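Subject: Structure handover and notes

Hello,

Here is the structure you asked about. My notes follow below it.

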Number of protein chains: 2
Amino acid sequence: MILQVTEKKEIFVQHIQQLQDTICAALELEDGRAVFTEDKWLRPGGGGGRTRTFQKGGVFEKAGVNISEVYGEVTRNMRDYLQIKGDRFFATGISIVVHPDNPFVPAIHANFRYFELYDDQYTKIDSWYGGGMDITPNYLFEEDAIHFHRTLKKVCDRYDDQFYPVFKKNCDEYFSNRHRNNETRGIGGIFFDHLRQNEVISENDHFNFVIACSESFLSAYLPIVKNRKNLPYNEKHKYWQEIRRGRYVEFNLLHDKGTLFGLKTNGRTESILISLPPTVRFDYDHQPGPGTEEDKLLQVCRQPRAWV
Amino acid sequence: MILQVTEKKEIFVQHIQQLQDTICAALELEDGRAVFTEDKWLRPGGGGGRTRTFQKGGVFEKAGVNISEVYGEVTRNMRDYLQIKGDRFFATGISIVVHPDNPFVPAIHANFRYFELYDDQYTKIDSWYGGGMDITPNYLFEEDAIHFHRTLKKVCDRYDDQFYPVFKKNCDEYFSNRHRNNETRGIGGIFFDHLRQNEVISENDHFNFVIACSESFLSAYLPIVKNRKNLPYNEKHKYWQEIRRGRYVEFNLLHDKGTLFGLKTNGRTESILISLPPTVRFDYDHQPGPGTEEDKLLQVCRQPRAWV
């Protein structure tokens with residue numbers, strides 16, 4: 001069945017609402033102690049969202065699973081930032097960020113969104129999908145990297161065998177700290193934006209692809225959490241985690257378009273900055289010794305690898 | 001004596017070199033344990049600097065006292081960022097950031113700089129001074145705020161009685177987190193930029209004013225450190241300090257023009273980011289209870305006060 005354009009918005013919104021429930025329930029179970037609390041918010045210009053968070057869980061130090069559905073007039077800031085032409089917009093998405101306590105468990109970030117643009121008569125003039133999923137380990141376990149990337153590649157390959165290679169490269173390029181010689185935030189995943197119908201792929205396939213990606217979140221991440229969450233760690237490991245989290249903060253506040261766009265367009269600050277890690281260190285010129293486990297991680301951030 | 005234009009650069013550079021020594025020595029003495037280490041660096045396009053830092057001292061958790069003297073071609077990024085027209089530039093300055101361990105001692109930031117702009121024949125077409133000094137307490141001690149602002153006002157008043165009121169207001173406006181309803185980073189001080197000769201004040205007076213400001217650093221700050229550094233504190237106070245430091249990071253990475261300009265123009269990343277606090281927390285929607293000491297500080301950040 002090819003969905004009607006008008007149905008897309010509704011089905012996407014229903015999907016992310018349900019996915020928010022599913023992911024929150026699974027993270028609570030995996031955590032064993034934490035319970036999400038919910039903040040519903042309204043956007044003055046139109047729409048709103050449902051922010052769910054917890055902090056200081058048994059496994060996860062901070063987690064946020066947010067959905068939003070916003071619409072209204074295209075402001076000047078939006079025009080500048082998104083480089084779009086149009087008068088009215090509708091945007092909906094789910095955003096997930098998890099910062100585990102144990103330094104051997106990677107942080108994860110995922111985001112899936114759908115955007116519609118209209119003229120001043122509310123006639124749709126454009127629509128597209130965007131999103132991605134990436135992990136940020138502090139220590140490199142090659143089998144985790146392979147599992148994560150393989151899971152994403154499998155989903156991608158069901159739709160187009162060019163998706164994974166292109167979106168993997170996008171991801172490495174996007175999540176990089178340009179002020180640190182393009183050191184990546186973590187070991188990547190996939191990242192895509194402006195997915196529109198073209199000669200090769202239908203709008204419906206994009207729609208299903210994005211939904212399928214979002215549904216792979218738990219199978220991409222939870223096996224890694226289970227494998228690593230009980231590994232013993234000491235202060236030195238925690239210290240390094242906090243140093244790496246510093247780089248995470250630098251990326252999110254200096255380079256992440258979603259964060260900057262949200263803050264500049266009067267998005268809900270607390271929902272946007274839930275992405276920042278709970279405890280962080282900024283040391284002057286911190287350099288792990290060559291050949292250490294810490295250095296091994298740095299090497300793959302400096303020179304992204306092919307994992308599948 | 002009215003100094004020759006060509007002498008200004010040299011005298012300013014000599015001054016900040018000497019001031020770096022003086023301030024480092026005084027901070028080491030106050031700290032009682034820390035010793036600055038120095039990194040000299042060269043800028044590929046011309047010039048370089050001398051970064052002095054220490055971490056985990058007895059009183060100060062992180063301190064940076066940096067000087068630089070850079071020159072060369074005006075790049076496109078510089079043109080866009082500084083909104084300047086010219087082909088060659090010379091810039092020199094000193095930058096000081098101190099993050100104390102004890103949450104009752106405020107962090108301090110100061111910066112004093114001199115800029116010259118030339119055409120392609122190296123003929124000077126413009127020059128100006130910029131800088132300022134501000135403190136970021138986690139707990140409000142009114143007498144500290146008064147001492148700090150009074151010290152700065154005294155220096156300002158020696159040159160122009162409009163300096164303090166204008167530069168104090170500049171400071172409150174500049175050091176504010178626009179994404180948090182303009183909550184200020186701390187309780188301000190003074191901030192000025194583009195000080196150029198005009199009908200009211202000579203270039204030489206500006207020059208002497210900036211030097212006088214920079215020399216007031218120790219008398220503005222050290223009495224506060226001495227008064228508060230031995231106050232007992234507990235985990236709750238440290239926690240709040242780290243929450244406030246989160247706001248400090250947000251300001252520096254999202255809004256501070258100096259930081260963003262430095263990072264976008266290939267400045268030395270480690271010297272620029274020495275400003276970031278050593279340990280930081282980002283909690284979701286952290287709100288101190290009404291009427292608490294933490295809340296009192298927040299109130300003056302939301303509604304800057306006149307201190308003198």
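Is A:Glu250 buried or exposed? With a relative accessibility of 1%, A:Glu250 counts as buried, because the cut-off for that class is under 20%. Please keep in mind that this is a predicted model.

Glu250 and Arg180

A:Glu250 sits in helix α7 of chain A, which covers residues 235-254. Its side chain makes a polar contact with the side chain of A:His179, at 2.7 Å. Setting aside residues up to four places away in sequence, A:Glu250 touches residues of both chains. From chain A these are A:Asn177, A:His179, A:Arg180, A:His255 and A:Phe282. From chain B they are B:Leu253, B:Leu273 and B:Leu276.

In chain B, the side chain of B:Glu250 makes a polar contact with the side chain of B:Arg180, again given as 2.7 Å. These two residues are 70 positions apart along the chain, and their C-alpha atoms are separated by 9.9 Å. B:Arg180 belongs to the loop between β7 (176-177) and β8 (183-184) of chain B. At 13% relative accessibility, B:Arg180 counts as buried. Apart from neighbours within four places in sequence, B:Arg180 is in contact with B:Arg247 and B:Glu250 in chain B, and with A:Thr269, A:Glu270 and A:Leu273 in chain A.

Helices α7 and α10 of chain B

How are α7(B) and α10(B) oriented to each other? Helix α7 (residues 235-254) and helix α10 (residues 293-302) of chain B pack at an angle of about 20 degrees, and their axes are 11 Å apart. Angles under 35 degrees count as roughly parallel, so α7(B) and α10(B) are roughly parallel to each other. Their crossing is right-handed. On the α7(B) side the contact is made by B:Lys236, B:Trp240 and B:Arg244, and on the α10(B) side by B:Glu294, B:Leu297, B:Leu298 and B:Cys301. Sorted by class, this contact has 4 nonpolar and 3 charged residues, and no polar ones.

Positive phi angles

Two residues to look at for backbone geometry are A:His194 and B:Lys56. A:His194 is not a glycine, yet has a positive phi of about 55 degrees. A:His194 lies in strand β9 (residues 189-195) of chain A and is partly exposed, with a relative accessible area of 39%. B:Lys56, also not a glycine, has a positive phi of about 55 degrees. B:Lys56 is in the loop between β2 (47-55) and β3 (60-73) of chain B, and at 44% relative accessibility counts as partly exposed.

Regards

Definitions and conventions: Residues numbered from 1 in each chain as written. Chains lettered and ligands numbered in written order. Predicted model: local features only at pLDDT ≥ 70, side-chain atom pairs only at ≥ 80, totals over all residues. Heavy atoms only, no water. Axes fitted to C-alpha atoms, helices over the stretch in contact; angles between N-to-C directions. Helix = DSSP H or I, 4+ residues; strand = E, 2+ residues; numbered from the N terminus. Parallel < 35°, antiparallel > 145°, perpendicular 65-115°, else oblique. Left-handed = near helix turned anticlockwise from the far one by under 90°. Contact = heavy atoms within 4.5 Å. Nonpolar A, V, L, I, M, F, W, Y, C, P; charged D, E, K, R; others polar. Buried < 20%, exposed > 50% of the residue type's maximum accessible area, 1.4 Å probe, protein only. Polar contact = N/O pair within 3.5 Å; in protein donor to acceptor, adjacent residues only side chain to side chain.
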